[in-house]
Amino acid sequence: MSPSPPVDEPAPPRVDVARTWHDRLGRPSRGPLLLGFVASVMMLLGSFGAGGVLVRDPILTNSPLGFWRYGHGYQLAAILVYAGVGLMLWAWVRLGREVLAGRTGGRAVLTTSLVWTFPLLFGPPLFTRDVYSYLAQGALPLFGFDPYAVGPEVMPGVVAENVHYFWQNTPAPYGPLFILIAKGVAALVGEDMILGVLLMRLVLLPGLVMLVWAIPELTRRLGGRVPVALWVLVANPVMVILMIGGGHNDLLVIGLLAVGAVLALRRVEIAGRDVGPALGIVLVTLGMAIKATAGVALPFLVLIWAKRLRGSLLARLAKAITAGVALFAVTFAACTLAAGVNLGWLPALSAPSMIVNWMSLPTGIGELFHTLTSVLFPVPKQPFINVARAVGALVLVVIAVKQWLAARDSDDADIVRRTGVVLLAVALLSPALLPWYVSWGVTLLAATALSLRWLQLIVFASPMLVITYYPNGEDALYNPPYLLLCAALSLLAAISLARPDPLRLAAGARDRRDDDAGPAAGPGTAAVAASGSTLTAVPSPEEPALPEPVPVEEPTGPAAAGAQQHAG
């Protein structure tokens, strides 16, 4: 029997490997994405009535829509803003559950964040009026004034009148690079304040691009998870509502800090020499030329440089410090010359100390002791605040020196972690703390392995930082009922990150109480809902860090005071 002739097997069907846009964007979860987008649109609409609006708006003033800024219209606008903040917080927590469950990757977090952010690019500033101070400080040189010698009040016209009265006669506390940026914006827009706000936001957005570019590599080097870091930094209500919606120059500072840290950690060779730390020092110096606080990172980057040189510890430190100071001097001098200013901004750095609020730990302790003492004796407040601030400055110096000395024997990644600790301490122990100051240290620390307890603390603190001012930028720090209500909601959000439906409001929740608390979650874990009633175990607060549950997709590059307490 002869064998059967060979039969050609049919070719395998062709598989269409073309990725849909949903795939390209990381397959973001539609629930949090749409909820946050609706929240942003609500805040956008409310901002035209309750936000940091112009004194005289050329569009809404004396128009049929002018009611939105007065009486019941203003109240409705404020309700819309606060409802948007609440929905944004809810969307952020839901997104966080997806991230912790390993169901949402870094690209999806980034896509969701950008969708949330987009509407807030087009409205008046929210919870701040600092952008008007920026425009005025940029306009001062155009009128022939030194922004480090006089305040906006010396200028005529609408640019100065929109600056809060507290900062009318205060010189600019910002570095020469930001004065150069602000001057360029002011020259382009003239007295068109609406265009000025929009353009100022636009020129600050490179800070976000730098941050997104740096987070993946920074996170891998510091031991964190990219989706978690993006969720903490980019999707955070502080970023979406305050930094971008409010238009704060700290966005540029943290972007330069993040990229500077990445380059310092890399081995970037040019002509056979490792220039990574040198490039990091240049970028952080540019950040310092915007806000002086960024300079705190420079001594730590010098340590990274010294570790890569040859010789004894003292010899290596001497070489790195000498080269670092030279780079700093050249970079800062170039910014100063380009801006056409002098070093008068150094005395102006004391301007934020005029702010007195309890968010600063030293100032808050001073106010507390004054309150307790004044029950028995009528005494002035300022001496208590001055003493507490002096003690706070001493504690800060001790923390910074101890961290720097300990970093000498650390690896490069630990040096960057310690830099984040010191930057966070600077924010908390400064004479005045404004909400966006916290971003300095959190930018670096978010790239580390964060425990669930720390993530819950971030969820609690973030909305509290947003609502410490009213939507129009006025101080809300001394309204106890308002703060207590917001604190209760923030605490509920923090608990909800690990325990969906903590109030047991869902149908059948009481019947599932025993199941949720039983062996399925296991000792030492907390149940986190990724969606619906599906539960996934994640580390409890007692565990040191979040594990990597599944491989996740990471982006490889950037994607497409009271107003009186502000100006910081």
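Colleague: Where does R27 sit in the chain?

Modeller: This is a predicted model. In it, R27 belongs to the loop between helix 1 (21-24) and helix 2.

Colleague: What is the phi of R27?

Modeller: Phi of R27 is near 55°. That is a positive value in a residue other than glycine. Most residues other than glycine have a negative phi.

Colleague: Is F127 buried or exposed, and how do you know?

Modeller: The relative accessibility of F127 is 0%. Buried means under 20%. Therefore F127 counts as buried.

Colleague: Now T104. Where is T104, and how do you know whether to call T104 buried or exposed?

Modeller: T104 is in the loop between helix 3 and helix 4. Its relative accessibility is 3%. The cut-off for buried is under 20%, so T104 counts as buried.

Colleague: What is T104 in contact with, neighbours within four places in sequence aside?

Modeller: T104 is in contact with L95, E98, V99, V109 and P227. A contact needs heavy atoms within 4.5 Å.

Colleague: How are helix 3 and helix 4 packed?

Modeller: Two packed helices are described by the angle between their axes and the distance between the axes. Helix 3 (residues 71-100) and helix 4 (residues 106-117) pack at about 175°, and their axes are 12 Å apart. Angles over 145 degrees count as roughly antiparallel. So helix 3 is roughly antiparallel to helix 4.

Colleague: Which residues make the contact of helix 3 with helix 4?

Modeller: Helix 3 brings M88, A91, W92, L95 and V99. Helix 4 brings V109, T112 and W116. By class, the contact has seven nonpolar residues, one polar and no charged.

Colleague: Turn to R56. What makes R56 count as buried or exposed?

Modeller: R56 has 54% relative accessibility. Exposed means over 50%, so R56 counts as exposed. R56 is in the loop between helix 2 (30-50) and helix 3.

Colleague: Which residues does R56 contact, neighbours within four places in sequence aside?

Modeller: T61, V158 and E161. There is also a C-alpha separation to note: R56 and M193 are 137 residues apart along the chain, and their C-alpha atoms are separated by 10.0 Å.

Colleague: On to empty space. How do you know where empty space is left?

Modeller: A probe the size of a water molecule is rolled over the atoms.

Colleague: What makes a space a cavity, and what volume has the largest cavity?

Modeller: In a cavity the 1.4 Å probe fits but cannot get out. The largest cavity holds about 40 Å³ of space. L257, A261, V284, A297, L301, V416, T419 and L444 line it. Helix 12 (250-265) and helix 19 each supply at least two of the lining residues. Seven residues of the lining are nonpolar, one is polar and none is charged.

Colleague: What lines the second largest cavity?

Modeller: R201, L204, L205, M243, I244, G247 and L251. Helix 8 (193-204) and helix 11 give two or more residues each. The volume is about 30 Å³.

Colleague: How does the lining of the second largest cavity divide by class?

Modeller: Five residues are nonpolar, one is polar and one is charged. Arg counts as charged and Gly as polar.

Colleague: What is the volume of the second largest pocket, and which residues lie nearest its centre?

Modeller: The second largest pocket holds about 1,000 Å³ of space. It is lined by 36 residues, and L424, V438, V442, L457 and A461 lie nearest its centre. A pocket is an open set of points.

Colleague: Which helix gives the most to the lining of the second largest pocket?

Modeller: Helix 21, with eight residues. Other helices that supply at least two residues include helix 17 (361-374) and helix 20 (439-445). By class, the lining has 28 nonpolar, eight polar and no charged residues.

Terms used
Residues are numbered from 1 along each chain as its sequence is written. This is a predicted model: local features need pLDDT of at least 70, side-chain atom pairs count only at pLDDT 80 or more; totals for chains, interfaces and linings use all residues. Side-chain values use heavy atoms; hydrogens and water are left out. Axes are lines fitted to C-alpha atoms, for helices over the stretch in contact, and angles run from 0 to 180 degrees between N-to-C directions. Helices (H or I, at least four residues) and strands (E, at least two) are DSSP runs, numbered from the N terminus. Angles under 35 degrees count as roughly parallel, over 145 as roughly antiparallel, 65 to 115 as roughly perpendicular and the rest as oblique. On a 1 Å grid over the protein atoms alone, a cavity is a set of points where a 1.4 Å probe fits but cannot get out, and a pocket is an open set with protein on both sides within 12 Å along at least five of seven lines; lining residues have an atom within 4 Å of a point. Grid points are joined across faces, edges and corners, and a volume is the space filled by probe spheres set on the points. Buried means under 20% relative accessible area, exposed over 50%, partly exposed in between (1.4 Å probe, protein chains only).
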